[in-house]
Amino acid sequence: MGTLDDIDMQILQLLVEDSQQTYGEIGEQVDLSPPAVSNRISRLRERGVIRRFTVDVDRSMLTEANATLLEIQVRPDDIDSVVDALRELHKVECLIQTFDARVTALVHLSGTELREYVGDALEGHTLLSYEVQNVAEVDWNPQLGTTGFEVTCAECKKSIHGEEVTIETDERTYYLCCSSCESLFRDRYERLSQASDGS
């Protein structure tokens with residue numbers, strides 16, 4: 001099914017609150033057996049709804065706890081490459097991209113180190129503005145929000161209801177709503193792949 005049901009949403013909320021819970025503990029709260037919970041979590045991972053499990057670290061307990069907020073304004077046509085470059089930096093904890101080509105990054109470095117570290121990563125990019133602020137405290141509190149999740153067709157962008165068609169590539173899995181969209185997607189994907197290979 002393309003749309004996540006109430007049990008999927010409950011499982012996601014429980015994992016957001018504490019991803020260390022066992023399948024049995026989750027199952028007791030959603031009235032499912034541990035294998036059923038495991039199957040649902042596996043399905044959520046396969047579909048990309050759950051990308052990874054992580055740990056919420058209290059950085060005030062660490063010796064190198066400097067946190068800096070970096071805000072960059074770039075040209076709209078440069079936004080993707082700037083975000084990709086910052087994503088590669090292991091000291092960047094959080095990236096926020098806005099529609100007006102502004103990127104905000106939470107980086108665990110002092111302001112002086114930051115200029116050199118990020119400057120090297122963004123060499124060759126045109127930055128319209130660049131602002132650095134020291135962070136006093138970070139309170140990480142992820143929320144799912146009130147809306148549900150729906151898997152959309154990679155071709156027509158409509159919500160998928162019923163059984164979907166999947167296409168596996170080296171990079172990711174694509175979900176399509178029907179065989180017509182699958183055919184259109186495969187044709188387009190092949191053309192783009194050939195163009196990028198220069199053939």
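**Figure 1. Lys157 in the loop between strands S4 and S5.** Lys157 of this predicted model is located in the loop that links strand S4 (127-134) to strand S5 (165-168); helices (H or I, at least four residues) and strands (E, at least two) are DSSP runs, numbered from the N terminus. Although Lys157 is not a glycine, its phi is positive, at about 70 degrees. With a relative accessible area of 57%, Lys157 is exposed; the classes are buried under 20% relative accessible area, exposed over 50% and partly exposed in between, computed with a 1.4 Å probe on protein chains only. Residues are numbered from 1 along each chain as its sequence is written, and side-chain values use heavy atoms, with hydrogens and water left out. Local features need pLDDT of at least 70 and side-chain atom pairs count only at pLDDT 80 or more, whereas totals for chains, interfaces and linings use all residues.

**Figure 2. Ala101 in the loop between strands S2 and S3**. Ala101 has a positive phi of about 65 degrees and is not a glycine. The residue sits in the loop between strand S2 (92-97) and S3. Ala101 is buried, at a relative accessible area of 4%.

**Figure 3. Salt bridge between Arg102 and Asp100**. The two side chains meet at 3.8 Å, N to O; a salt bridge requires a side-chain nitrogen of Lys or Arg within 4 Å of a carboxyl oxygen of Asp or Glu. Arg102 is partly exposed at 26% relative accessibility, and Asp100 is also partly exposed, at 43%. Side chains of opposite charge can pair when their charged atoms come close.

Figure 4. Thr104 counts as buried, with 17% relative accessibility. Neighbours within four places in sequence being set aside, Thr104 is in contact (heavy atoms within 4.5 Å) with Leu69, Leu70, Glu71, Cys94, Leu95 and Ile96.

**Figure 5. The largest nonpolar core**. A nonpolar core is a set of buried Ala, Val, Leu, Ile, Met, Phe, Trp, Tyr and Cys residues joined through side-chain atoms within 4.5 Å. This core has 18 residues, of which Leu86, Val118 and Leu122 touch the most other members. At least two core residues are supplied by each of strand S1 (68-74), helix H4 (79-87), strand S3 (102-107) and helix H5 (111-121). H4 provides the largest share, 5 residues. Residues up to four places away in sequence not being counted, Leu122 touches Ile72, Val82, Ala85, Leu86 and Leu127. A second, separate core comprises 12 residues, including Leu4, Leu14, Val30 and Val37.

**Figure 6. Packing of helices H1 and H3**. The helix axes are 11 Å apart and meet at an angle of about 85 degrees; axes are lines fitted to C-alpha atoms, for helices over the stretch in contact, and angles run from 0 to 180 degrees between N-to-C directions. H1 and H3 are therefore roughly perpendicular, a class that spans 65 to 115 degrees, while angles under 35 degrees count as roughly parallel, over 145 as roughly antiparallel and the rest as oblique. On the H1 side the contact is made by Ile7, Asp8, Ile11, Leu12 and Leu15, and on the H3 side by Arg40, Ile41, Arg43 and Leu44.

**Figure 7. Salt bridge between Asp8 and Arg43**. The N to O distance of this side-chain pair is 2.6 Å. Asp8 belongs to helix H1 (residues 6-17) and Arg43 to helix H3 (residues 34-46), so the pair ties together parts that are 35 residues apart in sequence. Asp8 is buried, at 1% relative accessibility, whereas Arg43 is partly exposed, with a relative accessible area of 30%.

**Figure 8. Salt bridge between Arg186 and Glu182 in helix H6**. The side chains of this pair meet at 3.2 Å, N to O. Arg186 and Glu182 are 4 residues apart in helix H6 (residues 179-197), and are thus separated by about one helical turn. Arg186 is partly exposed at 42% relative accessibility, while Glu182 is buried, with a relative accessible area of 19%. Elsewhere, salt bridges with shared partners join Asp5, Asp8, Arg40 and Arg43 into one network. The search of the whole structure finds 9 salt bridges.
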